[in-house]
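The sequence and structure come first.

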Amino acid sequence: MESEYVELLPRVFSLLGDARQTVVDDTCLEKLLDCFRAITENETEFYILQRIPCLTNVIVNVSKQRDINPSILSFIMRLTGLFAASENYFIQLEDNGIMSSLFGNPTNLGTEAWEEATVRSGWLLGIQNMLQHEAVIRFLYKYGCIDEIIQLQKDPSIFVASTASQLLASILSFSLQCSTHATLGNSSKTQLTNKVTVLHSDDWSDCICAITGHIEDFLRSDITSNVQLALKLLSKVSGTMYPVAIILLWPKIEESIKLLLKGDLTGIGQPLAELFLNVSRSFPSEVLEPTFWELLCLLLRSMNQIEALTLASGILKLKTCPQSLRMQAVTTLFQPLNYIIAVTSVQAPEDAVLLDESSFCRVDIENRLSRKSACINLLCQILSYLWELLQMPPQTTELPFQALMRSVITILQLCIGTAIPVTSTVVNISRHLIGCIKVQRGGMDVLGALPQWAAGIEEVNSALALLHDYINNPDTDCTVLKKSLQALFCWMSHCIEGVNSHVLEPKLQEFLHGDFISVMKKRLFDVHWEIRDSMLEFLGQMCFQFKGVERFCQLIGSCGIPHLVLELVSDPESYVRASAITALGRMNYLSPNWQMLPNENSVTAVKGNILSYLLGVLNKDTEGFPRRAAIKVLADWLENSHMLSSCELENFVPVILKIGSNDLDWEVKVHTLGLAEAFIDHLASNLSISPYAVLMSNSTGSTQVKVFLQTLCEVGIFTTLFHALWDCDRPVAQKACEILIKLKTIASGADKVDVLKSNGQKPNRESFSDWLSYSNLNLQNVNDIMEILIVLDLEIQHQHLVRSSDHIESSFRSLLEDLLAAADSEDGGADCY
């Protein structure tokens, strides 16, 4: 801790301990606690207290006061707990009676103080902070604090109640961890291979017995809220630093859990599921007893449909669990989808019965699907769970992907009205789903995640046909169309790049050469700008991803789409203009294949105008998005050096740098610097110069470096970089500084330069131009550039730039000064935000 802070702390704590002073707001106190918490992580509590004796003094004084402000009292409790994490300091406070005064019987604090929720919260959090040694456990039991914490679980303040429950879990798990019986052999908590030694209740401490007795009483209570509290408490035990505690407790609570599972699960199904899943995540399956999995299986069978779906999804995300349980979870998750396939098929296909439908059949599925809100909520929930599962690595039991594909296609067809209802049940479901955007979005997410799992010829045909219908349908919502295009891109990628691409690509070519191009052209000029924007994003994504596929290049180049995109560069909506510019940039990657095309409508005829278009946008567009897109395209082309000829580089890069570096948008300026960096890397690679390694100082290397630096001078790179180095936007200055440091490394490979002109003077933002003029330094001269790079402390400047802009205002010293200033102000408010 710095001495300047130590000087201010006595005044601050004198202020906080004075009941006559106006208290500052809770935000300042929270920040002060955070500062002390950070300090105690680096320095021992005893060392801090020896340097700042006023901390102990204020704790003693506050413990004796009865008219102290509740916020201050709460703060002192939490701060005391932070330092009492040291057993020596805890014992010292206990011997002086301070611990019993602050954390003993709450009546010592006075009824009026205890009625404040912030005081009760501070009392709990103070105990939580000090819970680092066994002396705390003995103290809590001695003064009856455990019973008080148990009572606070039902506190009217939700925050206090939650904190009390978490504290009980921490006390219980810590107490069991301290026991010599709470061991797992030589295994760690993350790699468990041995069975846990059973801890007999005869060996339990009084504190453990008090809490476990409370849990057992609540588990067997007839009051649902009591059962919920007990289950939530057990869940929190499994999530503490010592999760082994829940395994030690399980034999004692197992019978109570069994009784709960045999009764009515209304109101307790979800907390039961959370408890089982938390325990399952904390330990591998071999550590848990077989009876645990049997109980979890029974719970899954007994829950209602909605709660069972959540539990089934959680089970399928477990890394290890019995195969039979995983199969049952798959069955539970797929039953509603299975039902939809069954009622929408004239003749049930072989894969319609996803698993054994007769097992654990949900009698309420039809009832839920018959009501609109319940139907939509059920399907959205299932689709969300399925999408999450499809993002995960393959599990031990594979999902029935073919049937999943069929059910998702069916649901999406019902939403768009292309499925033909064959029964009255399907008619009702179709009425609920027609035009339902929520289900359509969820279904498209799942459909886009399926290609890698289920992508035979039949599935490809079904997916492409459905996606065509959605993209072509004028009633398709903008957000749904965007997801449809994303899903189509995933299926296209699989057809071209998947293991069966030789079989699937012809199907994709057949799809593209149908009327899909006509649909794209129509949608590119849709009345809704969001749809135009989505189509352009999709087009640019395709062009970049499939730039090496000759037939695709020929199709795009000869269909007239490039000219349409060029028209959209002048779209009235700035987002659309930006996407059109990006798409044009991506199309340019296809040009090598277009050079052979005889068609006059190919982009070859347009290519010569693209650079002029981009420069025009960068120079004249009044919106930031198109200008950002233009400079990003140019920087991207420059990074891929084959995209621009030497002539284009020589003619356009200086112009681009001049326009971009003077833009008012900081992102445009950052991307301009990215373009400058790409040019530097491109030139360095041509001269065999590495921007990341210092060259040997030989005559050949020195000459190469000087030629390299001279070229940069002529292009205007250094003018751009030094202009940006002093930019008021920190990201711009930071980027420029990083590039200059790289160039300084390269320049060190040239002959050493004596610092002559600058006379050792160091400029700043305001004086840089005058300094150049006074020192007679020219940014077009290589030797002058090398001297500037040496004189400027670029590394120090970079350290300042990477720091947060509020590092001074949010410092510990600034906070202390704010607290003191607030005491002297009329309103008592501190500038701590």
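## Helices α15 and α17

Trp250, Glu254, Ile257, Lys258 and Leu261 of α15 touch Thr291, Phe292, Leu295, Leu298, Leu299 and Ser302 of α17. Contact here means heavy atoms within 4.5 Å. Helices (H or I, at least four residues) and strands (E, at least two) are DSSP runs, numbered from the N terminus. By class, this contact has 7 nonpolar, 2 polar and 2 charged residues. Ala, Val, Leu, Ile, Met, Phe, Trp, Tyr, Cys and Pro count as nonpolar; Asp, Glu, Lys and Arg count as charged; the others, Gly among them, count as polar.

How do the two axes of α15 and α17 cross? Helix α15 covers residues 244-262 and helix α17 covers residues 290-302; their axes come within 11 Å and cross at roughly 20°. So α15 is roughly parallel to α17. The crossing of α15 and α17 is left-handed, meaning that the near helix is turned anticlockwise from the far one by less than a right angle (right-handed if clockwise). Axes are lines fitted to C-alpha atoms, for helices over the stretch in contact, and angles run from 0 to 180 degrees between N-to-C directions. Angles under 35 degrees count as roughly parallel, over 145 as roughly antiparallel, 65 to 115 as roughly perpendicular and the rest as oblique.

## About the model

This is a predicted model, with residues numbered from 1 along each chain as its sequence is written. Local features need pLDDT of at least 70 and side-chain atom pairs count only at pLDDT 80 or more, while totals for chains, interfaces and linings use all residues; side-chain values use heavy atoms, with hydrogens and water left out.

## Two further helix pairs

The axes of α31 and α34 are 8 Å apart, and the helices pack at an angle of about 10°. That makes α31 roughly parallel to α34. From α31 come Ser574, Tyr575, Arg577, Ala578, Ile581, Thr582 and Gly585; they meet Phe625, Pro626, Ala629, Ala630, Val633 and Trp637 of α34. The residues of this contact divide into 9 nonpolar, 3 polar and 1 charged.

Helices α36 and α38 pack at about 140°, with axes 11 Å apart. Therefore α36 is oblique to α38. Their crossing is left-handed. Leu673, Ala676, Phe679 and Ile680 of α36 meet Ile717, Thr720, Leu721 and Ala724 of α38. This contact has 7 nonpolar, 1 polar and no charged residues.

The largest pocket has a volume of about 480 Å³. It is lined by 22 residues; Ala578, Thr582, Arg586, Ala629 and Lys632 lie nearest its centre. Elements giving two or more residues to this lining are α28 (529-545), α31 (574-587), α34 (624-639) and α36 (666-686). The lining has 9 nonpolar, 6 polar and 7 charged residues.

The second largest pocket holds about 350 Å³. Of its 18 lining residues, Arg406, Ile409, Thr410, Gln413 and Ser462 are closest to the centre. Two or more residues each come from α19 (323-344), α22 (401-416) and α25 (457-472). Helix α22 gives the largest share, 7 residues.

## Cavities

How many cavities of 30 Å³ or more does a search of the whole structure find? There are 3. On a 1 Å grid over the protein atoms alone, a cavity is a set of points where a 1.4 Å probe fits but cannot get out; a pocket is an open set with protein on both sides within 12 Å along at least five of seven lines; lining residues have an atom within 4 Å of a point. Grid points are joined across faces, edges and corners, and a volume is the space filled by probe spheres set on the points.

The second largest cavity has about 50 Å³ of space. Its lining is Ser661, Lys669, Thr672, Leu673, Thr720, His723, Ala724, Asp727 and Val732. Helices α36 and α38 (717-725) each give two or more of these residues.
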